[in-house]
Amino acid sequence: MDEKLIIDVSRLKSEGETVSGEVDAVDLDEEFVKSFGGIRYRLDVRLYGRELLVRGSAEQDFDLVCSRCGKDFDDTVKVADYVSSHEIADNTVEVDLTESLRESIILALPTYPVCDEACPGIEQTEEMPGDDRWGALDQLKVQGEQENGKS
Ligand SMILES: [Zn+2]
């Protein structure tokens, strides 16, 4: 695995190139999001005048916690349409894509990860008084509305 993803602009073929491999990722070690392995990428890199245009895909494996049932599960976070452009100055020799790629993966992380679309959530047990409490709240609301109506 490479530490950084660096494009050598001075050696880049005029018709562009496809680069692929794996690069070190940010070591996320949050309570609910753990990353493992690097970022796998496949990118088309091409110079257009003074601009380096990069398009492709990237993915990384994560250990996430389901926002519904609270269980751990493994998931691959994918960025299917990675695009970035970098201005090339006269003295630019190489462009470091590492940070940009890492950022795209972080942005693609689900806000509310679910282990399965069909995940039923935390199993409800008979003893849970949840429904009664909501019922009491509804009663209060109805009373409140009636009082407002009178005044
Ligand atoms: Zn779940």
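Of the 151 residues in the protein chain, 30% are buried. The model is predicted. The chain holds two helices and six strands, and from the N terminus on these elements follow the order β-β-β-β-β-β-α-α. Among contacts with a separation of 6 or more, 61% are between residues 24 or more positions apart. The accessible surface of the protein chain amounts to about 10,700 Å², and carbon and sulfur atoms contribute 46% of that area.

Strand β4 covers residues 51–65 and strand β5 covers residues 72–87. The two strands run antiparallel and are joined by 14 bridges. One of the paired positions is Glu51, whose bridge partner in β5 is Glu87.

**The zinc site**

Which residues supply the protein donors of the zinc ion? They are Cys66, Cys69, Cys115 and Cys119, each through its SG atom, lying 2.3 Å from the ion. In sequence, the donor residues follow the spacing C-x2-C-x45-C-x3-C. The angles among the four donor atoms range from 103 to 117°, and the site is tetrahedral. For four tetrahedral donors the ideal angle is 109.5 degrees. Cys119 is buried because its relative accessible area of 8% falls under 20%. Cys115, at 34% relative accessibility, lies between the cut-offs of 20% and 50% and therefore counts as partly exposed.

Thr18 belongs to strand β2, which spans residues 17–23. Is Thr18 buried, exposed or partly exposed? With a relative accessible area of 44%, Thr18 is partly exposed, because this value lies between 20% and 50%. Leaving aside residues up to four places away in sequence, Thr18 touches Arg42, Leu43 and Asp44. With Asp44 there is also a polar contact between the two side chains, at 2.7 Å. The C-alpha atoms of Thr18 and Arg55 are separated by 9.5 Å, and these two residues are 37 residues apart along the chain.

| Residue | Relative accessible area | Class |
|---|---|---|
| Thr18 | 44% | partly exposed |
| Cys115 | 34% | partly exposed |
| Cys119 | 8% | buried |

Definitions and conventions:
Residues are numbered from 1 along each chain as its sequence is written. This is a predicted model: local features need pLDDT of at least 70, side-chain atom pairs count only at pLDDT 80 or more; totals for chains, interfaces and linings use all residues. Side-chain values use heavy atoms; hydrogens and water are left out. Helices (H or I, at least four residues) and strands (E, at least two) are DSSP runs, numbered from the N terminus. Buried means under 20% relative accessible area, exposed over 50%, partly exposed in between (1.4 Å probe, protein chains only). Contact means heavy atoms within 4.5 Å. A polar contact is a pair of N or O atoms within 3.5 Å; within protein, one must be able to donate a hydrogen and the other to accept it, and residues adjacent in sequence count only if both atoms are side-chain atoms. Donors are N, O and S atoms within 2.8 Å of the metal (3.2 Å for Na, K and Ca); water is not among the atoms, so sites may look incomplete. Four donors count as tetrahedral if all angles lie between 85 and 135 degrees; four count as square planar and six as octahedral if opposite donors are over 155 degrees apart and all others between 65 and 115; anything else is irregular. Accessible areas come from the Shrake-Rupley method with a 1.4 Å probe; for residues, only the protein chains shown count as cover. Two strands pair if DSSP finds at least two bridges between them.
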